[in-house]
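This report describes a protein model from its overall dimensions down to individual residues. The sequence and structure are shown first.

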Amino acid sequence: MRYPNPSWMNSDLEFYRSNVRRFIETEITPNQHRWAKQQHVDRDLWNKAGDLGLLLADVPEQYGGSDGDFTHMSVLFEELAYAGDRSFGVHVHAIVAHYLLNQGTEAQKEKYLPKLANGTMIGAIAMSEPGAGSDLQGVRTTAVKDGNDYLINGSKIFISNGYLADLIIVVAKTDPTAGAKGTSLFLLETKDAKGENVKGFKVGRILEKLGQKGQDTCELFFDNVRVPADSLLGGAEGRGFAHLMSELPYERLMLGVGALAAVEMAIEMTLDYTKERKAFGQAIFNFQNTRFKMAELKSQAVVARAFIDNCIEKIVQGKLDTVTASIAKLHMSELEGKVMDECLQFFGGYGYMLEYPIAQMFADARVQRIYGGTSEIMKEIIARSL
Ligand SMILES: Cc1cc2nc3c(=O)[nH]c(=O)nc-3n(C[C@H](O)[C@H](O)[C@H](O)COP(=O)(O)OP(=O)(O)OC[C@H]3O[C@@H](n4cnc5c(N)ncnc54)[C@H](O)[C@@H]3O)c2cc1C
């Protein structure tokens, strides 16, 4: 495969990329099929990735991270996409770490970040509910003060890493009458000292999805789950929406980076296939339709690469705003959907067979336009800035 050479790459990152690639080749690729069947990765994948410092590469060393920046995380997201993997929920895990790093109290950072970095704890974030996805103001899960604790009641749906998670950031209303200002984020440790789920917390079934089948996406239920007051993220009530808003650029760019890498992979894969496959006595690449379509997709991917590299450079400098990150998420997710569909067509009937990676990539790509904020919500955010 011929991969692009992002503008931000350097020799250290090249070395890092080769380590990441080796890790994926030995620890992820051979297991993908089995994980898709069991609907989650093996628990020890997290420990192995943690031992190599891959999980929180962009978190300072003082909290157990590897002291890198977003370029290191981009290398990981790209390599996972190049390997066709959407089962390892390291994206959500990194988001949880960033909530802690940027919004948590010093005690919360010291308590959780080292465990998230070494893979002892797996992170998840529980925002969506059966009645509230795009419109998070509609969240009905509540956290009510009870002495020095809070009692959490409600349910969540579509939670990535939900089956394996040890630490879940739960979005709950601390004052249901106060609108956005009544929303808070809680750090819920899911297991007690014996490794059992804490009282009142239940993980529902792993949901059966169209793609990304090795990723444990779950329903979660909270029935008077007791959490101490110091599990309130940042230590203050009513800051939930402000916390959610400030972490959006990181989350959206991360999704954009993965989407573009999948696009690049699909194009290379399709070029290889169309140059091999023959019809009417010639390689199907030689038909003008194939060459023009591939030229079109390639130019769109190259232009998208310039934009995403620019966003990566901006986030490293702390200058990426929410609108630009939303443009990246919208553009890359839509491009991914289009490229997967058009590339699949060149594989003919084989493209519809799951044993061909392009079929899997087509199925995996569909959700990019839905999670992390739908394409329509991205357009809303962009439109508001016009
Ligand atoms: C595989 C997967 C993993 C996920 N992981 C997580 C996770 O880890 N944590 C988590 O909290 N959530 C997660 N989600 C949930 C995801 O974020 C939501 O599905 C998404 O935000 C959309 O919400 P919804 O499904 O309720 O759709 P709805 O909000 O009901 O939207 C339905 C349709 O209406 C459109 N719509 C809604 N509002 C507007 C508007 N104002 N203008 C125009 N159109 C609008 C939407 O764009 C969409 O097309 C995941 C979802 C999936 C499928």
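## Secondary structure and overall dimensions

Helices (DSSP classes H or I, at least four residues) and strands (class E, at least two residues) are DSSP runs, numbered from the N terminus. On that basis the protein has 12 helices and nine strands. The model is a predicted one: local features need pLDDT of at least 70, side-chain atom pairs count only at pLDDT 80 or more, and totals for chains, interfaces and linings use all residues. Residue numbers start from 1 along each chain, following the sequence as written.

Along the principal axes, the C-alpha atoms occupy a box of roughly 80 × 45 × 40 Å. The radius of gyration is taken over C-alpha atoms, and the globule rule is 2.2 Å times the number of residues to the power 0.38. For 386 residues, a compact globule would have a radius of gyration near 21 Å, and the value of 21 Å for the protein agrees. A residue is termed buried if 20 or more other C-beta atoms lie within 10 Å of its own, exposed if 12 or fewer, and partly exposed in between, with C-beta atoms placed from the backbone. Of the 386 residues, 46% are buried. Contact between two residues means that their C-beta atoms, placed from the backbone, lie within 7 Å. Among contacts with a separation of 6 or more, 73% join residues 24 or more positions apart.

Domain bounds come from an automatic or database domain assignment. The assignment gives domain 1 (11-118), domain 2 (123-238) and domain 3 (247-384). The centres of domain 1 and domain 2, taken over C-alpha atoms, are 22 Å apart. Their contact involves 23 residues from domain 1 and 21 residues from domain 2.

On the domain 1 side of this contact, helix H2 (32-38), helix H5 (90-103) and helix H6 (106-118) each contribute at least two residues. H5 gives the most, with seven residues. For composition, Ala, Val, Leu, Ile, Met, Phe, Trp, Tyr, Cys and Pro count as nonpolar, Asp, Glu, Lys and Arg as charged, and the others, Gly among them, as polar. The side of domain 1 that touches domain 2 then comprises 11 nonpolar, 10 polar and two charged residues.

A residue is near a molecule if its C-beta atom, placed from the backbone, lies within 6 Å of it. The ligand is surrounded by 21 residues, of which the closest are Met127, Gly133, Ser134, Thr374 and Glu376. Strand S1 (123-126), strand S3 (149-160) and helix H12 (375-384) are the elements that give two or more residues to this shell.

By class, the shell has 10 nonpolar, eight polar and three charged residues. Domain 2 (123-238) and domain 3 (247-384) each provide at least three residues of the shell.

## Strand pairing

Two strands pair if DSSP finds at least two bridges between them. S1 runs parallel to strand S4 (residues 167-173) over four bridges, and Ala126 has Val170 in S4 as its bridge partner. Gly123 and Ile125 point one way from S1, Ala124 and Ala126 point the other way, and all are buried.

Strand S7 (residues 217-228) pairs with S3 in the antiparallel sense over nine bridges, where Asp149 stands opposite Pro228. S7 also pairs with strand S6 (residues 201-206), again in the antiparallel sense, over four bridges. There, Lys202 stands opposite Phe221.

## Buried helical residues

In helix H11 (residues 357-365), the buried residues are Ile358, Gln360, Met361, Phe362, Asp364 and Ala365. They pack against helix H8 (248-276) and helix H10 (322-346).

Glu336 is located in H10 and counts as buried because it has 28 C-beta neighbours inside 10 Å. Leaving aside residues up to four places away in sequence, Glu336 touches Ala259, Ala262, Val263, Ala365 and Gln368. Its C-alpha atom is 42 Å from that of Arg226, 110 residues away along the chain.

## Positive phi angles

Most residues other than glycine have a negative phi. Asp67, however, has a positive phi, near 65 degrees. Asp67 lies in the loop between helix H3 (43-51) and helix H4 (70-82) and counts as partly exposed because it has 14 C-beta neighbours inside 10 Å.

Asn224, in strand S7, likewise has a positive phi, near 55 degrees. With 12 other C-beta atoms within 10 Å, Asn224 is exposed.
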